[in-house]
Amino acid sequence: MEIFNTLTGRKETFRPREPGKVGIYVCGPTTYNFIHLGNARALVVFDTIRRYFLYRGYQVSYVQNFTDVDDKIINRARAEGMDPAVLAARYVDEYFVDADALNVRRADVHPKASNHIPEIIELIQTLVDRELAYEAGGDVYFAVRKFTDYGKLSKRSVDDLRAGARVEVGEQKHDPLDFALWKAAKPGEPRWDSPWGPGRPGWHIECSAMAQKYLGVGFDIHGGGADLIFPHHENEIAQSEGATGRPFARYWVHNGFVTIREEKMSKSLGNVSLMRELTRIHPGAALRLFLLSNHYRSPLDFNQESMDAGVRSLERLKTSINLVREALESRRVRENTPDDAGGLAAALDQLRTRFEAAMDDDFNTALAQAVLFDLAGEVNGYLHHSERPNRGVLQKVLDLFTVFNNVLGIFPEREGWLVLEAESLGGELSHRLLDLLIAVRQDARRRKDFATADRIRDGLRELGVTLEDTAESVRWKKTGHQWPEGNGRSTT
RNA sequence: GGCGGCGUAGCCAAGUGGCUAAGGCGACGGUCUGCAAAACCGUUAUUCGGCGGUUCAAUUCCGCCCGCCGCCUCCA
């Protein structure tokens with residue numbers, strides 16, 4: 001397995017700290033709002049990486065924190081007249097709603113800064129004892145210039161950084177480059193007792209403390225968005241390696257940004273896309289497919305065209321899986337016919353090899369997706385050309401879809417069965433009405449009253465239900481339109 | 001200014017020092033269909049931003065130029 005390591009700037013063969021085991025720490029969101037598309041990309045990328053290690057048989061320890069003590073939380077809580085802890089807890093809950101929509105699995109541990117104050121204080125104390133940190137007016141700062149390796153991750157020299165560094169009002173840094181490990185509490189702010197007086201941890205220190213606690217020193221993979229390289233991860237390295245004298249993490253993995261219509265997504269541009277909005281409009285599976293549609297280190301542009309293409313390509317996968325399922329249930333399937341498509345079974349082995357090669361090469365999910373589409377193409381062709389498809393080979397196809405999906409996580413899985421979508425029309429009555437309309441239309445078709453038949457089909461299409469006539473039955477599927485509860489009609 | 005990335009068909013997007021430059025979306029033609037839809041078959045980059053260089057051979061390596069983007073401040 002080859003992984004691009006930000007620390008060395010190149011792809012390296014992955015060698016775990018302990019054979020058969022891999023420890024991964026990913027920086028999770030600061031819980032002051034719903035997560036946005038950029039957060040979602042990081043989540044999905046690292047969830048997929050984790051899944052691939054599991055596929056490869058590793059025992060994975062996957063840790064993703066929540067930053068629940070932070071200026072942004074305090075400010076927002078103040079603005080809303082809420083207790084910061086309550087606000088943070090609320091958005092932790094909301095995080096899971098969005099993560100679930102993207103089929104992102106729970107981490108093995110989801111540590112929160114607020115639950116690790118003693119560990120944080122202990123780590124700061126170690127840094128103070130080693131004279132890499134100093135107290136000033138109730139704050140504690142890390143002395144960047146005393147850590148000689150500073151800048152090794154972001155490839156910056158301390159002198160380059162000097163120009164950009166600034167000192168906020170009220171800070172008492174000895175050097176503008178220094179950063180806060182501990183912030184003295186101002187009136188009305190959350191506070192914990194410490195050897196330096198009441199206060200709260202700075203942003204970077206929590207990750208050092210929690211990663212070390214759950215994964216130990218020198219764990220395998222530390223991940224996050226590329227914007228965390230500097231200063232967050234650089235500072236984590238300084239703190240952790242300063243305190244232990246040993247390498248903090250072995251492979252640093254960073255995902256690229258999401259842009260929106262070619263612009264960086266940011267608050268100031270007002271173009272932040274919250275997942276809560278997006279999942280209302282698009283199926284989670286389509287969003288996940290889109291998020292994995294290019295290499296994780298490249299920028300990914302979100303726009304209507306790309307998303308539409310994602311939705312349609314998802315349809316292709318669903319259709320194929322459904323065709324296989326239908327065939328397996330149909331009368332034409334045979335137990336003992338030879339694999340008469342000229343080697344579908346052999347093709348499956350090749351596809352699996354290609355899939356692994358793609359993922360082995362720095363988690364090339366775009367290539368891995370192509371394998372999924374090739375699988376769809378292979379089996380569609382087989383079903384089209386074979387009068388008597390072989391049950392065994394079709395089952396293998398379904399199994400392979402499941403194996404691939406287990407890594408890419410596009411469709412949720414329930415008891416080994418891929419859930420392609422919630423085929424819900426919003427109630428039992430709707431389903432019965434639809435069945436009735438389809439039956440009436442079938443009668444019309446038998447009478448060759450195609451005007452009526454087409455009127456029903458066209459009308460349903462406008463309502464977001466597409467009918468497909470097959471030799472044996474009529475299929476329907478939901479397309480496009482969403483029907484939010486209670487609020488009437490919404491056009492996407 | 002410092003650091004880093006990108007430029008492949010109408011769009012999205014993999015990729016490689018030389019065998020037919022993946023895959024998806026779209027478009028076009030055909031099969032199927034009452035007509036559709038879906039599916040299938042076929043077509044859709046003699047060419048990989050431009051100019052040089054290295055090489056028997058470059059889209060792939062190097063240099064320069066043009067264009068785009070990100071980080072250097074909180075940010076996935």
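Rings of Phe, Tyr and Trp (its six-membered ring) pair if their centres lie within 6.5 Å; planes under 30 degrees apart count as stacked, over 60 as edge-to-face and the rest as tilted. By that rule, Phe14, Tyr52, Phe53, Tyr55, Tyr58, Tyr251, Tyr296, Phe355, Phe363 and Phe404 form one aromatic cluster in this structure. This is a predicted model, in which local features need pLDDT of at least 70 and side-chain atom pairs count only at pLDDT 80 or more, while totals for chains, interfaces and linings use all residues. Residues are numbered from 1 along each chain as its sequence is written, chains are lettered from A and ligands numbered from 1 in the order in which they are written, and side-chain values use heavy atoms, with hydrogens and water left out.

**Chain A as a whole**

- Chain A has 15 helices and 17 strands; helices (H or I, at least four residues) and strands (E, at least two) are DSSP runs, numbered from the N terminus.
- Along the principal axes, the C-alpha atoms of chain A fill a box of roughly 90 × 50 × 35 Å.
- Of the 492 residues in chain A, 49% are buried (under 20% relative accessible area, with exposed over 50% and partly exposed in between; 1.4 Å probe, protein chains only).
- Contacts (heavy atoms within 4.5 Å) in chain A between residues at least 6 apart in sequence join residues at least 24 apart in 74% of cases.

- A residue is near a strand if one of its heavy atoms lies within 4 Å of it.
- There are 52 residues around RNA strand B, and Lys72, Trp203, Gly225, Leu228 and Lys264 come nearest.
- Sugar and phosphate make up 66% of the RNA strand B atoms that come within 4 Å of the protein.
- Helix H12 (365–385) is among the elements that each supply at least two residues of this surface, and H12 gives the most, with nine residues.
- An N or O atom in the side chain of Lys72 is 2.4 Å from a sugar or linking oxygen of RNA strand B.
- A phosphate oxygen of RNA strand B lies 3.1 Å from a polar side-chain atom of Asn380.
- The side chain of Asp454 has an N or O atom 2.6 Å from a base nitrogen of RNA strand B.

**Thr67**

- Thr67 sits in the loop between strand E4 (59–64) and helix H2 (71–80).
- With a relative accessible area of 1%, Thr67 is buried.
- The side chain of Thr67 makes polar contacts (pairs of N or O atoms within 3.5 Å; within protein, one must be able to donate a hydrogen and the other to accept it, and residues adjacent in sequence count only if both atoms are side-chain atoms) with the side chain of Asn65 at 3.3 Å and with that of Glu206 at 2.8 Å.
- Not counting residues up to four places away in sequence, Thr67 touches Pro29, Thr30, Thr31, Ile73, Trp203 and Glu206.

**Aromatic pairs**

- The whole structure holds 21 aromatic pairs.
- In one of them, the ring centres of Phe66 and Tyr95 are 5.0 Å apart and the planes are at 80°, so the pair is edge-to-face.
- Phe66 lies in the loop between E4 and H2 and Tyr95 in helix H3 (residues 84–101), 29 residues apart.
- Tyr134 and Tyr141 form a tilted pair, 5.9 Å centre to centre with 35° between the planes, and both are buried.

**Ala444**

- Ala444 belongs to helix H14 and is buried, with a relative accessible area of 0%.
- Ala444 touches Asp449, Thr452 and Ala453, not counting residues up to four places away in sequence.
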